[in-house]
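Please keep the sequence and the 3D view open while reading.

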Amino acid sequence: MTASRHEDHLDFGGNFVQIINGKPAFTKTTRHGINPATLERMEEVPVATRDDLHEAVAAARAAFKQWSQTPYRDRKQAVLAWADTIESYSTEFRDLLIAEQGKPLPQAEIETASTVAWMRGMAGIELKDEVIEDSHARKIITRHTPLGVVAAIVPWNFPLMLTTAKVAPALLTGNVIIVKPSSCPVTLLSINTPNWPFTPYGCLKLVELAQLFFPPGVVQSLSGNDDLGPWITSHSGIDKISFTGSTATGKLVMRSASESLKRVTLELGGNDPAIVFPDVDIEETAKQVATFAFLNSGQVCLNLKRIYVHNSIYTQFRDAVVSAVKAFVIGNGSKEGVSHGPLQNSLQYSRVKTFFDDIETQGWKVAVGGKMDAKATKGYYVVPTVIDNPPEDSRIVVEEPFGPIVPLLSWETEDEVIERANNTTMGLGASVWSANTAQAEKVARRLEAGTVWINNHFDISPVAPFGGHKESGIGIEWGSNGLKEFCNVQTLFSYK
Ligand code: NAD
């Protein structure tokens with residue numbers, strides 16, 4: 001089925017509903033999110049009950065019977081038609097994203113475009129049967145069969161793109177899926193912090209729109225309180241959890257999922273290093289490194305979180321990074337010219353504040369920034385800050401602040417900097433910056449990270465596998481490896 005935006009008007013100003021078995025599912029209790037740039041309250045959203053979850057799982061299990069047998073060609077067509085219609089609502093999704101997440105307009109445009117691009121990219125990869133042996137006696141074939149009911153648990157930093165980047169591969173491979181957008185974890189709540197949802201709005205609209213293209217029960221949404229995640233991970237009717245979020249929560253998800261041996265894919269935190277060689281174009285590289293360190297106000301798993309600069313250019317490079325950071329424009333993402341928005345929520349703001357408090361208590365030197373509050377106006381704004389050569393064992397080097405505060409560190413020898421770059425429990429991304437790409441590649445191959453870039457960072461693709469080493473995750477999303485994680489492998493022996 002196809003639908004143009006002219007036939008089907010979605011109401012982006014209200015009516016944020018969960019979808020269970022193809023229909024809006026209203027809840028007795030609702031709550032609202034907060035626009036992080038203004039602290040104004042947003043529209044009401046549902047609070048799912050445990051019964052809602054049971055109902056959604058039952059509908060999903062029923063829908064799976066038919067959807068798993070739907071020919072690949074038809075599943076692909078439905079995913080692509082859904083992508084086309086999302087694209088026709090790009091402006092509405094973009095504006096909703098700015099309001100709920102806080103990111104500036106150009107970045108919201110990129111995320112909205114990626115939301116569609118990831119669907120189309122993965123729809124271009126078909127997992128075909130593989131013939132392992134075809135002899136006179138027998139034929140051996142490996143197949144990739146769907147797992148069943150998948151639950152997607154999505155974080156608040158890329159709520160649109162990470163929804164379709166999980167839903168599309170699940171559907172293409174014949175699974176059905178229930179999506180849960182991000183909500184505030186009660187374990188982290190302070191007494192004065194209300195338990196509001198973080199980023200449910202765009203995600204709920206994506207799933208509402210999906211109902212035009214998929215049978216009831218194939219794509220569903222549940223938006224709830226902090227208890228919903230654990231209910232999902234412990235539900236015996238769910239076969240796989242596709243989770244993106246923090247390493248701490250990832251461990252809870254895995255523990256809970258192990259009870260029923262659910263499959264899990266965990267995309268978790270990062271502490272990405274950049275290694276800058278002395279032969280780089282200092283101004284240009286510093287600008288790029290600053291961009292990748294502070295993108296989305298430091299709230300990207302793949303932000304550069306440790307910048308190692310060769311000591312022969314350290315001072316010059318630091319000054320160039322400082323100039324680049326001073327050119328950032330902090331403010332409400334909906335305003336023209338703003339390059340960096342607020343943090344997404346008060347919890348994150350409180351966590352990032354502890355790193356700013358450490359500037360004084362630990363005596364860190366500040367290259368630029370240093371004081372937390374960017375504005376007298378309302379909103380979770382933070383001044384982008386660079387810490388000048390702090391000790392290697394300081395929190396700012398060891399932990400992931402997930403905010404706009406980054407350490408710049410100097411190095412002397414190649415072996416030493418590789419050792420330091422790898423000396424972390426994380427292993428998501430890393431980059432090497434040098435005019436000598438052969439030398440950079442030698443270093444890149446020694447780094448312990450799921451993705452390594454040379455003279456770039458955070459360049460991702462729906463057809464390239466993405467995942468973390470060490471405590472940055474388990475498993476892969478995207479690319480053919482990612483699609484396979486939504487499947488069982490079946491080996492078929494056929495005797496002639
Ligand atoms: P989070 O772990 O707090 O929450 C992620 C999701 O898990 C949310 O939907 C949340 O409601 C849910 N959740 C919370 N507790 C749960 C539980 N006990 N059981 C099941 N679900 C639960 O993470 P966040 O703060 O939303 O996101 C920031 C973190 O995510 C950072 O560490 C960042 O590096 C990481 N991240 C990783 C990637 C990646 O691809 N590797 C991408 C984006 C973000």
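## Sheet and helix packing

Val276 stands opposite Trp433 in β17. Strand β12 (residues 272-276) and strand β17 (residues 429-433) pair in the parallel sense over 3 bridges, where two strands pair if DSSP finds at least two bridges between them. Helices (H or I, at least four residues) and strands (E, at least two) are DSSP runs, numbered from the N terminus.

This is a predicted model, in which local features need pLDDT of at least 70 and side-chain atom pairs count only at pLDDT 80 or more, while totals for chains, interfaces and linings use all residues. Residues are numbered from 1 along each chain as its sequence is written, and side-chain values use heavy atoms, with hydrogens and water left out.

Strands β12 and β17 belong to an open sheet of 7 strands with mixed pairing, in the order β14-β15-β16-β13-β12-β17-β18. Its edge strands, each pairing on one side only, are β14 (365-368) and β18 (451-454), and the twist from one strand to the next averages 25 degrees.

Helix α9 lies across β12, β13 (304-310), β15 (385-388), β16 (405-411) and β17, and runs at about 160 degrees to β13. Helix α11 (residues 346-362) lies across β14, β15 and β16, at about 50 degrees to β16. Axes are lines fitted to C-alpha atoms, for helices over the stretch in contact, and angles run from 0 to 180 degrees between N-to-C directions.

| Helix pair | Angle | Axis distance |
|---|---|---|
| α9 (residues 282-294) and α10 (residues 314-326) | about 55 degrees | 8 Å apart |
| α4 (residues 105-123) and α5 (residues 161-172) | roughly 15 degrees | within 8 Å |

Angles under 35 degrees count as roughly parallel, over 145 as roughly antiparallel, 65 to 115 as roughly perpendicular and the rest as oblique. Helices α9 and α10 are therefore oblique to each other, whereas α4 and α5 are therefore roughly parallel.

The contact of α9 with α10 includes Ile282, Val289 and Phe294 of α9 and Phe317, Val321 and Val325 of α10; by class, this contact has 10 nonpolar, 2 polar and 2 charged residues. Here Ala, Val, Leu, Ile, Met, Phe, Trp, Tyr, Cys and Pro count as nonpolar, Asp, Glu, Lys and Arg as charged, and the others, Gly among them, as polar. In the other pair, residues of α4 including Trp118 and Met122 meet residues of α5 including Ala168 and Leu172, and the contact of α4 with α5 divides into 9 nonpolar, 3 polar and 1 charged.

Terms used. Contact = heavy atoms within 4.5 Å.
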